[in-house]
Amino acid sequence: AVAPSASLLRDMALQGGERAKDAFQALWDGYYRRLSVFAAAYRGLPAADRHDAVADALIAAFGALPSFDPRRPLSPWVYRIAANRFSDAARRAARVSALSVGPAADPEPFSAAAGGCPDGAAGIDPPAPGDHAAESADRDLAERCRAAIAALPDSDRRIAMLRFYEDFSAADIGKALGMPAGTVRWRVSAIRAAIRAMTGEGTP
């Protein structure tokens, strides 16, 4: 099924009843998995808490839909709400961890949730279909690329996820994370250089 437009989603939420339920389901179906990957970019958010954090973000986004301006892109707005919720959840988890006498939970690495190395992250082209040697090399690069992204500082991991996996523009990343687009462009360039250096791709 084709996902409803941002304008239609807002109208459905405003109508209430079954239409509002359909709007929430569409929002959930469209963003739950994507936000779960994004949540993994918050190192302080334990894996066990991510489902609740994502659900909380989507409930908050649904509740705010009546005030959403449908002339704006929906995804950066949803991710901005999620970023705020995930930051709050990570801070709460840190406070609980500081009070806990047990061992800290071993967080699921971002690399495990994010999938392969996205096109453009390491500055190289994907292999041609049927080129098995190149495909094997590409799988090896994907592992190194995921490890490189996982090793980035938290703020850079979030930028990398939105740029390389969500294909957000610098402006949309800025809206989602609350930073100037120029700063995002500078960080994306630095992130690409860091990934190339860590993977050994594109270096002399």
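Helix H8 is largely enclosed by the rest of the structure, because six of its eight residues are buried (under 20% relative accessible area with a 1.4 Å probe and protein chains only, exposed being over 50% and partly exposed in between). The buried residues of H8 are Ala170, Asp172, Ile173, Gly174, Ala176 and Leu177. Glycine 178, with a positive phi near 70 degrees, follows H8. The model is a predicted one, in which local features need pLDDT of at least 70 and side-chain atom pairs count only at pLDDT 80 or more, whereas totals for chains, interfaces and linings use all residues. Residues are numbered from 1 along each chain as its sequence is written, and side-chain values use heavy atoms, with hydrogens and water left out.

The loop between helix H7 (154–165) and helix H8 (170–177) contains aspartate 167. The phi of aspartate 167 is near 60 degrees, a positive value in a residue other than glycine. Aspartate 167 counts as exposed because its relative accessibility is 59%.

In the protein as a whole, the secondary structure consists of nine helices and zero strands; helices (H or I, at least four residues) and strands (E, at least two) are DSSP runs, numbered from the N terminus. The order of elements from the N terminus on is α-α-α-α-α-α-α-α-α. Of the 204 residues in the protein, 37% are buried. Contacts (heavy atoms within 4.5 Å) between residues at least 6 apart in sequence join residues at least 24 apart in 72% of cases.

Two helix pairs involving H2 were examined. The axes of helix H1 (residues 6–15) and H2 lie 6 Å apart and the helices pack at an angle of about 140 degrees, where axes are lines fitted to C-alpha atoms, for helices over the stretch in contact, and angles run from 0 to 180 degrees between N-to-C directions. H1 is therefore oblique to H2; angles under 35 degrees count as roughly parallel, over 145 as roughly antiparallel, 65 to 115 as roughly perpendicular and the rest as oblique. The crossing of this pair, H1 and H2, is left-handed (the near helix is turned anticlockwise from the far one by less than a right angle, clockwise being right-handed). On the H1 side, Leu8, Leu9, Met12, Ala13 and Gln15 meet Gly17, Arg19, Ala20, Asp22, Ala23, Ala26 and Leu27 of H2. By class, the contact of H1 with H2 comprises eight nonpolar, two polar and two charged residues, with Ala, Val, Leu, Ile, Met, Phe, Trp, Tyr, Cys and Pro counted as nonpolar, Asp, Glu, Lys and Arg as charged, and the others, Gly among them, as polar.

Helix H2 (residues 17–39) and helix H3 (residues 47–64) cross at roughly 140 degrees, and their axes come within 9 Å. H2 and H3 are therefore oblique to each other, and their crossing is right-handed. Residues of H2 in this contact include Phe24, Trp28, Tyr31 and Tyr32, while those of H3 include Arg50, His51, Leu58 and Phe62. The contact of H2 with H3 has 15 nonpolar, two polar and one charged residues.

Serine 75 belongs to helix H4 (residues 74–99) and counts as buried because its relative accessibility is 16%. Not counting residues up to four places away in sequence, serine 75 touches Tyr31, Arg34 and Phe168. Its side chain is joined to that of tyrosine 31 by a polar contact of 2.7 Å (a pair of N or O atoms within 3.5 Å; within protein, one must be able to donate a hydrogen and the other to accept it, and residues adjacent in sequence count only if both atoms are side-chain atoms). A polar contact of 3.4 Å joins the side chains of serine 75 and arginine 34.
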